[in-house]
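Subject: Structure handover

Hello,

Here is the structure I promised to pass on. Please open it alongside this message.

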Protein chains: 2
Amino acid sequence: MRRNRVHSFLAALPLVLLNSASFAEAPKADPARAPVEKHGAAFTDAFNRGDIAAVAALYSDDALVFPPDGDMVQGRSAIEALWKGTRDAGMKDLAFTVLDVHSSGNLAVEAGKADFKMQPANQAESSQTVKYVVVWKREKGGAWKVFRDIWNSMAPAPK
Amino acid sequence: MRRNRVHSFLAALPLVLLNSASFAEAPKADPARAPVEKHGAAFTDAFNRGDIAAVAALYSDDALVFPPDGDMVQGRSAIEALWKGTRDAGMKDLAFTVLDVHSSGNLAVEAGKADFKMQPANQAESSQTVKYVVVWKREKGGAWKVFRDIWNSMAPAPK
């Protein structure tokens, strides 16, 4: 009887380990992923309808944006001017694909890709994709704001 | 007497507020700044002497690098190949200027500029500057590793 109990215990062990391993390998949703995705959707919705003040409001007061082919842009009013200029230059149909969100404390880092179209005045429309890193900061009160925003090109530039 | 005490208290108040404001405005060194700068120096030292394995060892196992004009590069061996290719293409004299480090929990975000020279085989040397965002992750054991690494160009590309 005692031997049977020991045998039963040992027989059950691998099943327990297997379940633990399966659990460890299951995708874990980072707690910042939901707010990051929600704020990203708010960004594209606001940009695509032309509400650039609402875009700028998603950034922290001390945000830095790093547009390619230029210097850093610091502060919310300069960031609003950057996005207004980008939209005026013909950017439209902006959409983000979030690939990864990893948070610790009051910082979260998001990696992803952004698809958009460029249609300068009187010119043909072109589709573009960039890859990006956005660092979010959770401010007092709990709101996540964009703290660092940088992207660059996917494909080799045409020669 | 009581009135004098009240008066003294009120007179002292602005001085206290002034001191608090001065203290709040004093530059606060982020606790991650020293390790980030040390690891950055280790990166440039290793790169400039051609020890690309030591460069790759500064990245976390799950690091993502975002080189301009290409796709993301994932994992340490692919990252080592990226930097070996970059050095073979003529990059040298790499130096970082750290502009800001902000940490929370086990993440730290660094903003900065990188200066380097490009000298492809049998071609003239040129100086370049890029701006970057590097996200560092503190791993079990306390070591800070590069988790996300992205940069882009400063000046408009020549037409």
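Below are the notes on what was found in it.

This is a predicted model: local features need pLDDT of at least 70, side-chain atom pairs count only at pLDDT 80 or more, and totals for chains, interfaces and linings use all residues. Residues are numbered from 1 along each chain as its sequence is written, while chains are lettered from A and ligands numbered from 1 in the order in which they are written.

**Chain A overall**

Chain A has four helices and six strands. Helices (H or I, at least four residues) and strands (E, at least two) are DSSP runs, numbered from the N terminus. Along the sequence the pattern reads α-α-α-β-β-α-β-β-β-β. Chain A has 159 residues, and 26% of them count as buried. Buried means that 20 or more other C-beta atoms lie within 10 Å of the residue's own; exposed means 12 or fewer, and partly exposed is in between, with C-beta atoms placed from the backbone. Take the contacts in chain A between residues at least 6 apart in sequence: 50% join residues at least 24 apart. A contact needs two C-beta atoms, placed from the backbone, within 7 Å.

**The sheet in chain A**

The six strands form an open sheet in the order 2-1-6-5-4-3, with mixed pairing. Two strands pair if DSSP finds at least two bridges between them. Strand 2 (73-74) and strand 3 (91-104) of chain A stand at the edges. Each has a single partner strand, so one side of each has no neighbour in the sheet. Strand 3 of chain A pairs with strand 4 (residues 107-118) of chain A in the antiparallel sense, over 11 bridges. A:Ser104 stands opposite A:Leu107 there.

Helix 2 (residues 33-49) of chain A touches strand 3, strand 4, strand 5 (126-138) and strand 6 (144-153) of chain A. Its direction makes about 165° with that of strand 3 of chain A. Helix 4 (residues 76-88) of chain A touches strand 1 (59-66), strand 2 and strand 3 of chain A, and makes about 50° with the direction of strand 1 of chain A. Axes are lines fitted to C-alpha atoms, for helices over the stretch in contact; angles run from 0 to 180 degrees between N-to-C directions.

Helix 4 of chain A has 13 residues and should span 18 Å at 1.5 Å a residue; its end C-alpha atoms are 18 Å apart, which agrees. The expected span is 1.5 Å times one less than the number of residues.

**Backbone details**

Most residues other than glycine have a negative phi. A:Asp93 has a positive phi of about 55° although it is not a glycine. A:Asp93 lies in strand 3 of chain A and counts as partly exposed, with 14 C-beta neighbours inside 10 Å. A:Asn122 also has a positive phi, near 60°. A:Asn122 sits in the loop between strand 4 and strand 5 of chain A. With 5 C-beta neighbours inside 10 Å, A:Asn122 counts as exposed. After helix 4 of chain A comes A:Gly90, with a positive phi near 115°.

**Strand 1 of chain B**

Six of the eight residues of strand 1 of chain B are buried, so the strand is largely enclosed by the rest of the structure. Strand 1 of chain B runs parallel to strand 6 of chain B, joined by four bridges. B:Phe66 stands opposite B:Ile150 in strand 6 of chain B. Strand 1 of chain B also pairs with strand 2 (residues 73-74) of chain B, antiparallel, over two bridges. Here B:Val65 has B:Val73 as its bridge partner.

**How the chains meet**

The contact takes 23 residues from chain B and 23 residues from chain A. On the side of chain B, strand 6 of chain B gives the most, with four residues. That side divides into 14 nonpolar, five polar and four charged residues. Ala, Val, Leu, Ile, Met, Phe, Trp, Tyr, Cys and Pro count as nonpolar, Asp, Glu, Lys and Arg as charged, and the others, Gly among them, as polar. 100% of the interface residues of chain B are also interface residues in chain A, so the copies meet through the same surface.

A rotation of 180° with 0.0 Å of shift along its axis superposes chain B on chain A (RMSD 0.0 Å). The two copies are thus related as by a two-fold rotation axis. Superposition is by least squares on the C-alpha atoms of residues with pLDDT of at least 70 in both copies. Of the residues of chain B, B:Gly105 comes closest to the axis, at 2.2 Å (C-alpha).

Best wishes
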